[in-house]
Amino acid sequence: MASITTENKRIHPHKFTMWVAMGSIVMMFAGLTSAYLVRRSLGNWQEFSLPLVFWYSTVAIVASSVTMHLAVKSFKARERVRYRQMITATTLLGLAFAVLQAFGFYQLHLQGVTLIKGSNPAASFLVIITGLHALHVIGGVVALLIIFFRAYQSKVKNYSVIPVEIVSTYWHFVDALWIYLFIFFGLTH
Amino acid sequence: MSTEAVLHANVGTAGAQDVHHAHDAHHGDHHHHESFISKYVFSMDHKMIAKQFLITGMVWAVLGGLMSVLFRLQLGYPDSTFPILEDLLGKWAKGGRISAEAYYALVTTHGTVLVFFVLTAGLSGTFSNFLIPLQVGARDMASPFMNMLSYWFFFTASVIMLSSIFVETGPFSGGWTAYPPLSALGDASPGSKTGMDLWLVSMALFVVSSLLGGLNYIATVLNMRTKGMSMTRLPLTIWAFFFTAVLGVLSFPVLFSGFILLIFDRHFGTSFYLSDIFVASTQQALPNEGGSAILYQHLFWFLGHPEVYIILLPAMGMASEILSTNARKPIFGYMAMVASLFAIAVLAFLVWAHHMFVTGLNPFLGSIFVLLTLLIAIPSAIKVFNWLTTLWRGNIRFTPGMLFAIGFVSLFISGGLTGIFLGNSALDIHLHDTYFVIAHFHIVMGVASMFGMFAGVYHWYPKMYGRYMNNTLAYIHFWVTLVGAYLIFWPMHYQGLAGMPRRYYDYSVWESFKHFTELNRFISTVAMVVFAVQFLFLINFFYSIWKGRKVTTQNPWGATTLEWTTPINPGHGNWPGEIPEVHRWAYDYGKDGVEYIPQTQKIGENESAHH
Ligand code: HEM
Ligand SMILES: [Cu+2]
């Protein structure tokens, strides 16, 4: 059919959609971090250091990117067992990341930094931006769970790699986003 | 469709098999039995989704228009009472006069629904959906499922916005821009309570709807074009929808960020936008400190300005297409048209602070924004020039669609010129927040884009419903609307120059604006006439769906683009056989003495090649 020949040369539409969606998410965080800078420049800004746990969560999410990468590789090599292991590891690391982030806020709270009610914008920005990021990670976890169970269900051996690749792209994206935010907060706190 | 539905459901999360397989293998002619629900309600056919957007937009246009008639009644006849208003609005119009709260609620809701629900969802939602697959040569959108979701998010947003009108304390009443503190403090005004919560939820859902739609439009334009349809062979409609979607996808998330902070200020005691506030109604000083209301304005206008182009670009694209088709001439300066769309899209992100010249913005920064703002005049002027030269010595057919397209050009010129006044920060000190601004944006955005929408409906109606609309009604509709729109908004420039501020409930108590009493009455009267005439359009539209003259030829306008190569009533999948291949650009009108050459026709032996 006429259309197939040209279309196959192009990037898969669903993958492409993922890229555009990531652009959209970038704009959301760009909006928030610029609001942070604008607000910070107006003074009345509480100084406190970032919780130490954020370093551990950073390690967790970077590690999860590695396992995600290995998962895609084993998927392509049709190593189903290894694929499942890697997906499981990625999921667990993602959850661990979210838990560690929450723990970081608990630490701040113990230090006497009020986070939401009656807080200084310095703290509320941190909570909202990292919280929103964690929600994106959890969204990724849900996606991982879905492809994970599909891996068990599916009787067909040669199903498409596209969805796995899309989830993996997204996963590396939230990882990179966290690195950006971590550096951003590190530099501006 | 059901297997494909499931596949698409998991886009971005989990497994879809290769989409081309899904699209090409089983489409072709569709003879599945579709149930009423899957055909008309949860449809995944882009053409049906387009009609859903259109009709929902029409409902909102009627409601939003009615609201403006009500508040114009107050402005035109501030001393009179209309008992029927009390019957209609109850406590909001005690004694037959609209209360101040009701007035502000009406103005706010009017602005919100016209900008977002009518001119964004109703315009780009309708025509991007309808025309992108048909004109690029695709069977449907990249993800029909996301497309369906986009509509249903919009629908839910609509229901919630509608319900906000009926809550005890009324809908939000702090203006369509929803600036804090009015939007952040429940105690600030009645509308700031539940009404504002519903407004926020509705708008958040609306943002999601726009994003889902926009992602799809972009992916479809870039990835699903038929063979031979290179980017430079795309009709200008598609370019316009494409840039519109890019603007939306990049700016709506920023608005969303602004809303998130607003929600936290409202409900969780943060101080992003609030500082040093004493609330009169509760006689309380708030503990919030250090927040900045201006911060919200930055976040809002970073979307807000691109948003005005999100509204305008689809109208520009459709006008270009309709002008060329009905002038029987190629569009003048195709590449310049694309380049100016691109320039407008880029500049749209760099000028937001021209809405904030008088917020205490650093004057040096202000002058940079003046420069960038005035730069927009260049691509705008290029477009106007090209439209006029397309018309020049054309063999013009004054179809209703064509008239509205010409009307669009006229309005864009009138309204664009006043933008140049406002873009100068020094002049803006005087003009800001006056009726001059009201006149500017209603002409250039409101009415012009409405004209683009009407042009689109009249022109593509035969493709949508396989029937024609009635021309006589359409001509009356056009002339009354055009003349009426100028009569309503032109005098507002003078009121604004005289310093008459916008957003006031009653001007008759001001000595300095007493001499406008007659003029205000005149404007209100014309507004009612124009509103009434819109019902001619609605009657025409719905009557013609069932009773209009039937379309008997595939290509009634003699147009070159692909949508006219589909059957008169195309099924899901658009083309019964293979998708046609494209061999030329979309504007071969009057070439080598031939009236028009469809894009699907091969370049002839002795033909001078164009693109
Ligand atoms: C040469 C082009 C244009 C220039 C220089 C320009 C400039 C401006 C300026 C400076 C303002 C702020 C006025 C004030 O609040 O004091 C303004 C308001 C506005 N403009 Fe334009 N404009 C242009 C074209 C457009 C177009 C094409 C649209 C829409 C399609 C548009 C829509 C609006 C809207 C909606 C507002 C008012 C928003 C509000 O305050 O509620 N403008 N314009
Ligand atoms: Cu603007």
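Predicted model: local features only at pLDDT ≥ 70, side-chain atom pairs only at ≥ 80, totals over all residues.
Trainee: Why is Asp433(B) called partly exposed?

Mentor: Its relative accessible area is 31%. Buried means under 20%, exposed means over 50%, and partly exposed is what lies in between, computed with a 1.4 Å probe on protein chains only.

Trainee: Where is Asp433(B), and what makes its phi worth a remark?

Mentor: Asp433(B) sits in the loop between α15 (425-431) and α16 of chain B. Helices here are DSSP runs of H or I with at least four residues, strands are runs of E with at least two, and both are numbered from the N terminus. Phi of Asp433(B) is near 55°, which is positive in a residue other than glycine. Most residues other than glycine have a negative phi, and most peptide bonds are trans.

Trainee: Which value puts Asp276(B) in an accessibility class?

Mentor: Asp276(B) has 65% relative accessibility; this is over 50%, so the residue counts as exposed. Asp276(B) also has a positive phi, about 45°, although it is not a glycine. Its place is the loop between α9 (236-267) and β1 (278-279) of chain B.

Trainee: What makes the peptide bond from Pro180(B) to Pro181(B) cis?

Mentor: Its omega is near 5°. Pro181(B) belongs to the loop between α7 (144-164) and α8 (194-223) of chain B.

Trainee: How do you know which residues are donors of the copper ion (ligand 2)?

Mentor: A donor is an N, O or S atom within 2.8 Å of the metal (3.2 Å for Na, K and Ca); water is not among the atoms, so sites may look incomplete. His305(B) through ND1, and His354(B) and His355(B) through NE2, lie 1.9 to 2.0 Å from the copper ion (ligand 2). Those distances are inside the cut-off, so the three histidines are its protein donors. Along the chain the spacing is H-x48-H-H.

Trainee: Are His354(B) and His355(B) buried or partly exposed?

Mentor: His354(B) has 15% relative accessibility and counts as buried. His355(B) has a relative accessible area of 23%, so that residue is partly exposed.

Trainee: What is the protein donor of the iron atom of ligand 1?

Mentor: His440(B), through NE2 at 2.1 Å, is the only one. His440(B) is placed in helix α16 (residues 435-465) of chain B. The iron atom of ligand 1 is 4.6 Å from the copper ion (ligand 2).

Trainee: How do you know whether Asn129(B) is buried or exposed?

Mentor: Its relative accessibility is 0%, which is under 20%, so Asn129(B) counts as buried. The residue is part of helix α6 (residues 100-136) of chain B.

Trainee: What does the side chain of Asn129(B) reach?

Mentor: It reaches the backbone oxygen of Gly125(B) at 2.8 Å. A polar contact is a pair of N or O atoms within 3.5 Å; within protein, one must be able to donate a hydrogen and the other to accept it, and residues adjacent in sequence count only if both atoms are side-chain atoms. Leaving aside neighbours within four places in sequence, Asn129(B) is in contact (heavy atoms within 4.5 Å) with residues including His46(B), Phe53(B) and Tyr217(B).

Trainee: How is chain B divided?

Mentor: Into domain 1 (1-33 + 551-580) and domain 2 (34-549), with bounds from an automatic or database domain assignment. Between these two domains, 34 residues of domain 1 of chain B are in contact with 39 residues of domain 2 of chain B.

Trainee: What is the buried area between domain 1 of chain B and domain 2 of chain B?

Mentor: About 3000 Å², with 58% of it on carbon and sulfur atoms. Buried area is the accessible area (1.4 Å probe) that two parts lose on being put together, summed over both.

Trainee: How many residue pairs are in polar contact across the interface of domain 1 of chain B and domain 2 of chain B?

Mentor: The rule finds 20, both residues of each pair being at pLDDT 80 or more. On the side of domain 1 of chain B that touches domain 2 of chain B, the largest share, four residues, comes from α1(B).

Technical notes
Residues numbered from 1 in each chain as written. Chains lettered and ligands numbered in written order. Heavy atoms only, no water.
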